Amino acid sequence: GWVSAESEAVIAEVLGMPQIAVHEVTTFYNMYNQQPLGKYKLNVCTNLPCQLRDGQKALHHLEKKLGITMGETTPDGLFTLQQCECLGACADAPVMLVNDRTMCSFMDNEKLDQLVDGLRQAEGQA
C-alpha cells in the first residue's frame, strides 16, 4: 500500500533509471503513497471547481470529524485524510475518492458524516 524510499531505489535499479525519476512519479500521483495509510484513504478534491462548491469546507469538516488534519491518519489507523487534484467530476462537486476506487459526489456535511459513520460501523467502531 505504500512505496518506501528503499523501494524507490530498487525500482530505479530494476528499471535502469535515476532514483529521482521514480520519486517524481510516486510523489506526483495520489495512488502512490510514501508512508503507511489508514484502512480508508479519503481524498477530497480541492481543485478550483470543487473549492467553488465547498470542497475546502468538506475537507475542514472531515478534519474536525476525524480529529486529524489533512495528510494525517487517525490514531486507530482507520482513516487517512488527503487532498487531491481534479477527479474529473466537476459538475458533481465537491467530490472525493475513497481508497482510490470509489467516487463520492455532492459531499455536503451530512453525506460526509454518513460516509464516515458507515465505515466506522462496518468496522464495529460505531
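Helix α4 crosses helix α5 in a right-handed sense, where a crossing is right-handed if the near helix is turned clockwise from the far one by less than a right angle, and left-handed if anticlockwise. The model is predicted, with local features needing pLDDT of at least 70 and side-chain atom pairs pLDDT 80 or more, whereas totals for chains, interfaces and linings use all residues. Residues are numbered from 1 along each chain as its sequence is written, and side-chain values use heavy atoms, without hydrogens and water.

**Fold and helix packing**

The chain contains five helices and four strands, taken as DSSP runs (H or I of at least four residues for helices, E of at least two for strands) numbered from the N terminus. Their order along the sequence is α-α-β-α-α-β-β-β-α. Along the principal axes, the C-alpha atoms fill a box of roughly 50 × 35 × 20 Å.

Two helix pairs are listed below; axes are lines fitted to C-alpha atoms over the stretch in contact, and angles run from 0 to 180 degrees between N-to-C directions.

| Helix pair | Angle | Axis separation |
|---|---|---|
| α1 (residues 5-15) and α2 (residues 19-28) | about 120 degrees | 8 Å |
| α4 (residues 55-66) and α5 (residues 109-122) | roughly 40 degrees | within 10 Å |

The angle between α4 and α5 makes that pair oblique. Helices α1 and α2 are therefore oblique as well, since angles under 35 degrees count as roughly parallel, over 145 as roughly antiparallel, 65 to 115 as roughly perpendicular and the rest as oblique. The crossing of α1 past α2 is right-handed.

**Largest pocket**

The largest pocket holds about 260 Å³ of space. A pocket is an open set of points on a 1 Å grid over the protein atoms alone, where a 1.4 Å probe fits, with protein on both sides within 12 Å along at least five of seven lines; lining residues have an atom within 4 Å of a point. Its lining includes Phe28, Tyr29, Met31, Asn43, Cys84, Glu85, Leu97 and Asp100. By class, seven lining residues are nonpolar, three polar and two charged. Because domain 1 (1-36) and domain 2 (40-125) both contribute lining residues, the pocket lies between them.

**Backbone features in loops**

Ala93 and Pro94 are joined by a cis peptide bond with omega of about -5 degrees. Pro94 belongs to the loop between β2 (79-84) and β3 (96-98). Asn99, although not a glycine, has a positive phi of about 55 degrees; Asn99 lies in the loop between β3 and β4 (102-104).

Note on methods: Grid points are joined across faces, edges and corners, and a volume is the space filled by probe spheres set on the points. Ala, Val, Leu, Ile, Met, Phe, Trp, Tyr, Cys and Pro count as nonpolar, Asp, Glu, Lys and Arg as charged, and the others, Gly among them, as polar. Domain bounds come from an automatic or database domain assignment.
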